[in-house]
Amino acid sequence: MLDIVLPGTGGTTPRADRHLSCAYLRYNGNGILVDCGEGTQIAVKKAGFSIGKIGMILLTHFHADHCSGLPGLLLTMGNEGRREKVKIYGPKGVGEIVKALTIIAPELPFSIECIPLSDFDSFSWQGVDVTAFEVHHTGTCFGYDFRVRRGGKFDKEKAEKNNVPMKFWRALQNGQAVEDNGVTYTPDMVLGESRRGLHVTYATDTRPCDIISTMAYDADLMVLEGMFGVMSKENRAKETCHMTIPEAARLAREAEAKKLWLTHFSPSEPTPHEYENDARKIFPETEIADDGMMMTLRFPEDA
């Protein structure tokens, strides 16, 4: 199962009742954090998730409300016992940004590896496949697509038909190839067809663009920004390269996603819930997120 929480849902500047937007995904006890504006470590703690378990941080872009909280977060991670390496991904220049921000956190008890990304770069970490895709903001900005893949069920008849020794069944079920006496046994020799996995797509700070609905096709959950509540603010959204709530709902409809969470609300939108019914007229499975909104996604058979 995959847990996802939105510790903060604000854009630009924090409000007294709203932390800056970020997302925390947890799979097999390992934490992935998307964005880290000021005060993110407080928001994560309020949400009840472990800061010390964060092993990978994904920065969408380098505006302050998405990265200025890194020094405090990293220091808190060290104080809570983190000793393992932390990987930080982001657009080109991520190494320089992190180096500058961590001048005030020079003695961390763990190492940091910064990995610059290009459009459509993909990588895997602790069982989660991640793809970065560029969206339309005022500078380079990435959305992130997350997938937890699932192999087929063990097929005893198939294993026997392929003359796979029983002593190798467990390893093959776990995705490991085995070589014995010059013969290589692969997982597909004992497994049936791949099953549906889990799929989450995250994109904020962007105008609507086709790549978002393409990457999120049939996603279990889309997390998109709803910076402005109504189409009357569309001109302002275009000027700042953000989205309105109706625009985000249309992207979810185009993607045929199962659920949409809206986040990254402008400080000028103190009550975004008032727009929820209008958004649901476009995409019924829309929810206006509050800080700390959490969901557990399970593989279909386990739901």
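This is a short chat about a predicted model of one protein chain.

Me: Hi! What kind of model are we looking at, and how many helices and strands does the chain have?
Reply: Hello! The model is a predicted one, and the chain has 10 helices and 16 strands.

Me: How does its radius of gyration sit against the globule rule?
Reply: The radius of gyration is 21 Å, close to the 19 Å that the rule gives for 303 residues, so the chain is as compact as a globular protein of that length.

Me: And what box do the C-alpha atoms fill?
Reply: Along the principal axes, the box is roughly 65 × 50 × 35 Å.

Me: What share of the residues is buried?
Reply: Buried residues account for 52% of the 303 in the chain. As for the surface, the chain exposes about 13,700 Å², and 47% of that comes from carbon and sulfur atoms.

Me: How much of the contact count comes from residues 24 or more positions apart?
Reply: Taking contacts with a separation of 6 or more, 65% join residues 24 or more positions apart.

Me: Charges next. How many positive and negative side chains are there?
Reply: There are 34 positive and 42 negative side chains. The centres of the two sets lie 4 Å apart.

Me: Which strands does β1 pair with?
Reply: One partner is β16 (residues 293-297), paired in the antiparallel sense over 5 bridges. There, Val5 stands opposite Met294. Another partner is β2 (residues 22-27), also antiparallel and joined by 5 bridges. On that side Leu2 faces Tyr27, while Ile4 is opposite Leu25.

Me: Is β2 mostly covered or mostly open?
Reply: Mostly covered, with 5 of its 6 residues buried.

Me: Switching to helices: where is Gln41, and is it buried or exposed?
Reply: Gln41 is in helix α1, residues 40-47. Its relative accessibility is 17%, so Gln41 counts as buried, the cut-off being under 20%.

Me: What does Gln41 touch beyond its sequence neighbours?
Reply: Leaving aside residues within four places, Gln41 is in contact with Ile51, Gly69, Gly72, Leu73 and Thr76.

Me: Leu73 and Thr76 come up there. Which residues of α3 are buried?
Reply: They are Leu70, Pro71, Leu73, Leu74, Thr76, Met77 and Gly78. That is 7 of the 10 residues of α3 (residues 70-79), so the helix is largely enclosed by the rest of the structure.

Me: Which residue with a positive phi follows α3?
Reply: Gly81, with phi near 105°.

Me: Last one: where is Met215, and is it buried or exposed?
Reply: Met215 is found in helix α7, residues 210-215, and at 12% relative accessibility it counts as buried.

Me: What is Met215 in contact with, away from its sequence neighbours?
Reply: Outside the four places on either side, Met215 contacts Phe120, Thr131, Phe133, Asp145, Arg147, His199 and Thr201. Phe133 is 82 residues from Met215 along the chain, and their C-alpha atoms are separated by 8.3 Å.

Technical notes
Residues are numbered from 1 along each chain as its sequence is written. This is a predicted model: local features need pLDDT of at least 70, side-chain atom pairs count only at pLDDT 80 or more; totals for chains, interfaces and linings use all residues. Side-chain values use heavy atoms; hydrogens and water are left out. Helices (H or I, at least four residues) and strands (E, at least two) are DSSP runs, numbered from the N terminus. The radius of gyration is taken over C-alpha atoms; the globule rule is 2.2 Å times the number of residues to the power 0.38. Buried means under 20% relative accessible area, exposed over 50%, partly exposed in between (1.4 Å probe, protein chains only). Contact means heavy atoms within 4.5 Å. Accessible areas come from the Shrake-Rupley method with a 1.4 Å probe; for residues, only the protein chains shown count as cover. Lys and Arg count as positive and Asp and Glu as negative; His and the chain ends are not counted. The place of a charge is taken as NZ of Lys, CZ of Arg, CG of Asp or CD of Glu. Two strands pair if DSSP finds at least two bridges between them.
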